[in-house]
Each structure stands twice: as C-alpha cells, then as structure tokens.
Amino acid sequence: MSSTPDPRRRLAAAFLLEAAAWLLPAAVFLWIYTNRLGATSAAVLPHLKVVVALATTTVLLRGALHALGGRKAAAFGGALVTATVLSGLWLYYVTAVVGFSAWGYLVSWGLISTYVAQAPYMMEVLGPTTVYAAGALVLGVFLVLLAVIQALYRRGDWLPRASGRLNPLVIATGAVAACLLLALFGWRYNEFPPTPEGEPLALSFWPDSFARKFQSNLRPQGRQLIDKERAARAAYGNVQRRLGANVILIVSDGLRARNMHVYGYGRPTTPFLSQMVETGSAVRVPRIHSVCSESACGLLAIASSRYIHQFVDQPLTLPEVLRMHGYEAHMVLGGDHTNFYGLREMYGAVDSYFDGTMSRRGYANDDANVVAALKRLKTHSTQGNFIQIHLMSSHLLGRRMAPSRFGEEQNYFAMVHGKFEPSEQERQRYVNFYDGGVLQADQTIRELLDVLRSKGLMDDALVVATADHGEFVGERGLFSHAKGVFGEVLDIPLILMTSGKAAPLRIDERRLASQVDIAPTVLSQLGMPIPATWSGMPLQSRATPVERQVYFKQNAEFGLIERNQDGRTWKYWIDAVSGEEFAFDLDSDLLETRNRAAEIDPADRKRFRMTLLPLEVNVRESLSLR
Ligand SMILES: [Zn+2]
C-alpha cells in the first residue's frame with residue numbers, strides 16, 4: 001500500500017533537489033579551488049552569487065515558458081534551459097580543475113575559443129579517439145541530464161505548483177523585481193568584476209587581471225618593487241644609445257637539457273646544435289636552471305632577468321631596453337602567448353608581433369607557421385634587430401612534422417595528471433616521442449638560422465637558444481611540466497653563438513647559471529649597461545667569485561641551488577604545504593635520487609632556511625597587497 005505523499009513535502013523535495021543540482025557541484029568546486037588550487041576564501045561568496053544569479057535566470061525563463069506554453073512543452077523547454085546552463089557550469093568546473101593542475105592557470109575564455117576553433121588540429125596531435133571520446137562524454141552527460149530533468153519536471157515541477165498558490169500580481173511583481181536585480185547584478189559584475197577576490201568565472205573572463213593576481217606562481221606587487229622599477233626605467237633612459245649586433249633569442253618550449261645530445265645524451269637528438277658546439281661556432285653553458293617549471297614565469301624570467309619573488313607588473317624587459325638603444329623588436333612566437341601565457345602585454349611595445357593564434361588557417365602550435373612568419377618578417381635594417389622566437393616542437397601539444405626517428409612513439413598527454421607507473425616498454429614509447437620533438441626543435445633552429453641568413457640578419461648576430469622550462473618524461477611517475485622542481489623540469493639548455501662581424505663570445509664555465517642570466521649576458525655582449533633591477537649576471541664575466549645562489553619556485557615548492565667556496569653544489573627546497581625538506585648533492589647525485597635533507601650540515605640547513613624565509617615571506621606578504 002502506498003500512501004499519498006504530502007504535496008507540500010513533494011514540492012519542497014523537488015525544489016531542494018533542483019537547488020542541490022546548482023549548489024552541490026559549486027560547493028565541491030569551491031572546496032577544491034580554495035583547498036587545492038590556492039584560492040582564498042574571499043572567492044567563495046562572489047562565486048556563489050554568480051551561481052544563484054544563473055539559477056534565478058533559468059527559473060525566470062522556465063516561468064516564462066510555463067506562462068506561454070502547455071505543460072509538456074514547458075517541461076521540455078525548461079529542462080533544455082536548465083540542462084544547458086547546468087552542464088555548461090559543470091563543464092567549466094572540470095575544465096578549470098584539469099587546466100589548473102596541468103599548467104597552473106585558470107582556463108580563460110580566449111583560450112577555450114582558440115582551442116575549440118583548433119579542434120581539427122588538436123585531433124591530429126592528440127589522436128581522433130581522444131577528441132571524439134571527450135566530445136561523446138560531454139554530449140552523453142548533457143543528454144542524460146536533459147532526460148532526468150525533463151522526467152522530474154513532468155512528474156512534479158515545483159515552479160508551476162508554487163506559483164499556482166500565489167496571486168498573479170505577486171508573481172508578476174516578483175518576476176519584474178528579479179529581472180531588475182539580475183540586470184543590476186550583471187551590470188555590476190561587468191563594471192567591477194570580482195577578480196581581486198579571485199572569483200573564478202571573472203578571472204576566466206578577464207585573464208589579464210588574473211595573470212597579475214593569481215597564478216600558481218604569484219607575482220608580488222610590493223610598492224617598493226614598483227618604485228624601484230620606475231627608478232630603474234628612468235635611469236636607463238639616460239644611458240648612451242648604441243646600436244649593435246642583431247639579437248636572436250630562440251626559446252623552445254619544454255626542452256630539457258638532459259635529452260639533448262649536445263648536453264651528453266646518447267641519442268643524436270641535436271645534430272645541428274652539437275655540430276655548432278663541436279666546431280667552436282657556439283658555446284654551451286654547462287649547467288643552467290629555470291626559475292620555475294612552467295611557461296609564463298620562465299619566459300618572464302628570461303625577459304626581465306629576475307626570480308619569481310621579484311616579479312613586478314610591467315618590468316623593464318630585454319626588448320624594451322634594446323628599443324631604448326634604437327633596436328627594433330620583433331616577436332615570432334609559436335603557441336598561444338595571447339590567451340595562454342598572458343604574456344603579450346608583458347612583452348610591451350614591439351615593432352611586430354606574431355603568435356600561434358594569428359595563424360588562422362593553421363594549428364597554433366605548428367612550428368612550420370613560425371618559420372613562415374619569420375620568412376615574411378620585414379625589418380628596416382639588417383642591424384639592430386631583436387627577434388624573439390618561440391618553438392613548440394618539443395612541447396607535447398606541438399605539431400610533429402614526421403614520425404619520431406627513435407622508434408615506436410606515443411604522446412603522453414593522457415598522463416599529464418597524477419602519477420603513473422608505465423611499463424618499461426610504454427615508457428620507452430613516450431621517450432621516443434619526446435626525443436622526436438627535441439630533434440624537430442634542433443632542425444627547426446637550423447631552418448630559422450637559414451632564413452635569417454638569407455635576409456642578411458646573420459651578418460652581425462648573437463643567437464641565444466634556450467628553453468622556458470624542462471619536462472618530465474616518466475621520471476618519478478610524472479609527465480609534462482608545471483609541477484615539481486626536480487632537475488627534469490628545471491635543467492634547461494643555453495647555447496650561445498655569434499655570427500659574422502659580432503665579437504666572439506666566451507663564458508665562465510665554472511659558474512652556476514640561471515635563466516635570469518640570459519638577458520644580462522646579451523647586454524654585456526653588446527657592451528650595454530645592465531638595468532639596476534635585473535638579478536642575473538653576465539655569464540662572460542670571470543671577475544665575480546664562483547660562489548652563488550640561484551632560486552626557483554613552483555607551486556608550494558621554494559628553493560635554491562648553491563655553489564659554495566669549495567665549488568660544491570647543493571640543491572635545497574622546502575614544500576611550504578607539507579613542510580617537507582629536500583636536499584641533493586648535485587656533484588655526486590646530479591639526477592637527484594637521494595634526498596639528504598636529514599644528513600646535511602646543520603649550518604648549511606640554517607643558511608638555506610635563512611635565505612629562503614625572507615623570499616617566501618616576500619611572496620606571502622605581497623598577497624595581501626592589492
Ligand atoms: Zn612552456
């Protein structure tokens with residue numbers, strides 16, 4: 001026997017179920033967002049307001065459908081509206097979490113639209129199965145949601161029943177008031193986006209403020225740093241101008257030194273660069289480390305010669321300094337620097353700009369477009385040009401022009417999240433894939449230099465080939481980058497060559513080097529003074545002592561590499577979340593296999609901590625600044 005359920009309780013149950021469909025996923029997302037992705041609790045309330053606004057909008061639309069159509073049509077139309085907005089919101093949550101853990105940034109709308117437009121090329125890179133499977137999953141979830149909601153609305157929708165009890169005048173007044181409130185909310189949201197609080201949708205809509213405020217590697221905005229930068233810029237305006245050799249800066253995305261033949265790797269992955277170094281046409285900096293393991297901070301460190309704890313808005317950059325000397329600056333960049341890295345603004349005023357998003361009919365991560373763009377590039381003179389080039393060949397999303405020469409291969413994009421224990425055979429396929437990319441980067445560099453030569457730009461040139469960060473290819477169960485601070489992701493290459501009239505280049509090989517040294521090395525080679533706020537030092541200099549500390553940070557891990565008076569090299573870092581310490585003796589253990597944090601000399605440990613603590617405090621303090 002079944003008792004007739006209390007209609008009031010059914011009504012309340014239906015209402016609560018719908019409210020839960022909106023609020024529970026939001027609550028789960030906000031928990032991850034604040035506890036795992038580093039957002040503060042300030043983001044919670046503004047985001048809940050957005051969710052309530054979205055839910056209210058769908059309820060108003062459903063109400064309109066009920067007022068206009070029959071019960072069945074209203075149930076289907078209402079279900080369509082609710083399922084569309086809800087599944088869109090859920091998809092956003094998934095994309096945001098996956099994106100954040102993959103590259104440390106919140107996904108931006110610009111990035112989403114760029115990659116949706118690039119779907120055919122993504123299919124080629126990731127394989128059609130993955131793209132179709134993802135599409136089928138999204139469509140499946142939507143259809144199931146639509147069916148469930150429609151069934152629920154047909155069985156007993158709370159909206160017409162609740163409104164049936166009310167006076168039509170009250171309903172009309174309520175609907176108009178709700179519309180006005182929503183309009184006001186929308187206007188305010190657009191005029192004063194809650195980006196300072198870190199509301200996720202606002203950060204996705206306005207990624208520039210996001211890039212400034214809220215990355216996995218936060219940029220301090222300390223007043224002092226801003227004032228110092230202003231003073232340095234003003235002072236540099238007074239230095240004597242000089243025009244000299246062309247500067248060609250080539251950054252290969254995710255290119256790690258240890259898989260390059262020119263750095264001692266067994267496989268012939270870098271025939272061109274190896275030959276250049278062997279014949280003495282180029283020099284190789286033996287050990288150089290990036291400041292983090294992801295693109296934006298690496299590129300920022302190269303351009304502005306500073307560590308993460310010194311990052312500032314609008315830093316004085318290498319292209320800006322060279323332009324002060326009368327240089328032209330040209331950016332020829334593979335990949336998406338406009339939406340993805342959020343760097344286009346940071347690069348500042350340039351004379352020409354190309355990035356992957358501008359190759360409308362091609363894939364953004366195809367280096368053939370970069371070569372083509374360089375061929376099209378027009379410079380006013382064959383001297384005094386700064387050309388920065390960014391290559392995606394060694395990145396897992398980069399387009400591969402041919403199968404790997406190193407045997408059966410497989411892209412590891414499916415392994416970007418989490419830890420894995422692939423079989424040795426599987427791991428070899430991933431390494432073959434990566435090595436194929438390294439070889440393609442080497443071949444592309446040779447091709448680019450040929451293009452420059454044909455334009456007369458190599459008659460007097462300094463060429464710098466480096467990387468933004470390294471890559472995990474299965475070591476420690478990890479793949480890709482934007483995670484960890486082990487050597488796999490921090491040890492990058494740096495190859496320098498001069499050609500034509502340019503003075504030959506000599507470096508001090510005993511020196512421990514960092515990405516921040518690249519820009520000062522370039523200026524020093526051109527005989528130009530180095531801005532006061534730059535942290536790096538020219539690698540040519542033999543006058544400075546060998547002792548040195550360089551710094552790095554990725555997510556919660558913060559540390560240094562130190563070469564001491566005796567020439568010994570230690571790498572030490574702290575995980576600020578777990579409190580765990582790591583220390584590796586890089587002289588005897590270059591691959592960082594044995595953590596010696598428990599056995600290091602207490603005096604060393606104390607020194608490391610005393611050095612790192614103020615840097616960490618600097619980063620934290622700046623978070624409270626607006
Ligand atoms: Zn990168």
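Helix α6 (residues 128–156) gives the nonpolar patch its largest share, 3 residues. The patch covers about 330 Å² of surface and is made by Leu 17, Val 144, Val 148 and Leu 152. This is a predicted model, in which local features need pLDDT of at least 70, side-chain atom pairs count only at pLDDT 80 or more, and totals for chains, interfaces and linings use all residues. Residues are numbered from 1 along each chain as its sequence is written, and side-chain values use heavy atoms, with hydrogens and water left out.

**The nonpolar patch**
- Leu 152 sits in helix α6 (helices are DSSP runs of H or I with at least four residues, strands runs of E with at least two, numbered from the N terminus).
- Leu 152 counts as partly exposed because its relative accessibility is 32% (buried is under 20%, exposed over 50%, partly exposed in between, with a 1.4 Å probe and protein chains only).
- Patches are made of residues with over 30% relative accessible area and no salt bridge, joining like charges within 9 Å and nonpolar side chains (Val, Leu, Ile, Met, Phe, Trp, Tyr) within 5 Å.
- The areas come from the Shrake-Rupley method with a 1.4 Å probe, and for residues only the protein chains shown count as cover; a salt bridge is a side-chain nitrogen of Lys or Arg within 4 Å of a carboxyl oxygen of Asp or Glu.

**The zinc site**
- Asp 253 (OD), Ser 295 (OG), Asp 468 (OD) and His 469 (NE2) are the protein donors of the zinc ion, 1.9 to 2.2 Å from it (donors are N, O and S atoms within 2.8 Å of the metal, or 3.2 Å for Na, K and Ca; water is not among the atoms, so sites may look incomplete).
- The site is irregular, with angles of 95 to 141 degrees among its 4 donor atoms; four donors count as tetrahedral if all angles lie between 85 and 135 degrees.
- Along the chain, the donors follow the spacing D-x41-S-x172-D-H.
- Ser 295 belongs to helix α13 (residues 295–304) and Asp 468 to the loop between β7 (460–467) and β8 (472–473), so this pair ties together parts 173 residues apart in sequence.
- Both Ser 295 and Asp 468 are buried.

**Helix α13**
- Because 10 of the 10 residues of α13 are buried, this helix is largely enclosed by the rest of the structure.
- Its buried residues pack against β1 (246–252), α14 (318–324), α15 (344–347), β6 (385–391), β7 and α19 (518–525) (contact means heavy atoms within 4.5 Å).

Terms used
Tetrahedral: all angles 85-135°; square planar, octahedral: opposite > 155°, others 65-115°.
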